[in-house]
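Have a look at the picture first, then read on.

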Amino acid sequence: MEITCPACRKTSLSEAQCGRCGADLSTLRQILTTAAQVLAAGRRFLRQNDGTKALHAAQSAWHLKHSAAAAQLAFLACLQQRQFAVAELWYMRATGHVGKCP
């Protein structure tokens, strides 16, 4: 998993510490790993037609890492639950249009 050091912006693939500035990357790596695991669980919930659990997982993943994948899952979970107004917000997040005029 590729990580960008929050201190110096160097990209790192697997080191526990940044090779440039020595910043500890282990906590950031764990957060990103957890976000990926929660997102995978959310996808399973969506396939099982459990939109409530899928949305909860997507929101949890979003809070860990604001990713398009988390927003897309939340969008689909909202559609599955017929929460169209909320789905629109997640669509905007997924496409990067938050705060922009349609």
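## How α1 and α2 cross

One thing to keep in mind is that this is a predicted model. Let's start with a pair of helices: α1 and α2 make a left-handed crossing. Their axes come within 8 Å and cross at roughly 165°. Angles over 145 degrees count as roughly antiparallel, so that's how α1 runs relative to α2.

Which residues do the touching? On the α1 side they are I31, T34, A35, V38, L39, G42, F45 and L46, and they meet K53, A54, A57, S60, A61 and L64 of α2. Sorted by class, this contact has 10 nonpolar, 3 polar and 1 charged residues.

## A closer look at α1

Helix α1 covers residues 26-47, which makes 22 residues. From first C-alpha to last it reaches 32 Å, close to the 32 Å expected at 1.5 Å a residue. After the helix comes N49, with a positive phi near 60°.

Which residues of α1 are buried? They are R29, L32, A35, L39, A41, G42 and L46.

## α1 meets α3

How do α1 and α3 lie, parallel or antiparallel? Their axes cross at roughly 25° and come within 11 Å. Under 35 degrees counts as roughly parallel, and α1 and α3 are therefore roughly parallel to each other. This crossing is left-handed.

From α1, the contact takes in L39, G42, R43 and L46; from α3, it takes in A69, A70, L73, L76, A77 and Q80. That gives 7 nonpolar, 2 polar and 1 charged residues.

## α3 meets α4

Next up is helix α4, residues 84-95, whose axis comes within 8 Å of the α3 axis and crosses it at roughly 160°. That angle makes α3 and α4 roughly antiparallel to each other, and their crossing is left-handed.

Here A68, A71, Q72, A74, F75, C78 and L79 of α3 meet F84, V86, A87, W90, Y91, R93 and A94 of α4. The classes in this contact come to 12 nonpolar, 1 polar and 1 charged residues.

Methods:
Residues numbered from 1 in each chain as written. Predicted model: local features only at pLDDT ≥ 70, side-chain atom pairs only at ≥ 80, totals over all residues. Heavy atoms only, no water. Helix = DSSP H or I, 4+ residues; strand = E, 2+ residues; numbered from the N terminus. Expected span 1.5 Å × (residues − 1). Buried < 20%, exposed > 50% of the residue type's maximum accessible area, 1.4 Å probe, protein only. Axes fitted to C-alpha atoms, helices over the stretch in contact; angles between N-to-C directions. Parallel < 35°, antiparallel > 145°, perpendicular 65-115°, else oblique. Left-handed = near helix turned anticlockwise from the far one by under 90°. Contact = heavy atoms within 4.5 Å. Nonpolar A, V, L, I, M, F, W, Y, C, P; charged D, E, K, R; others polar.
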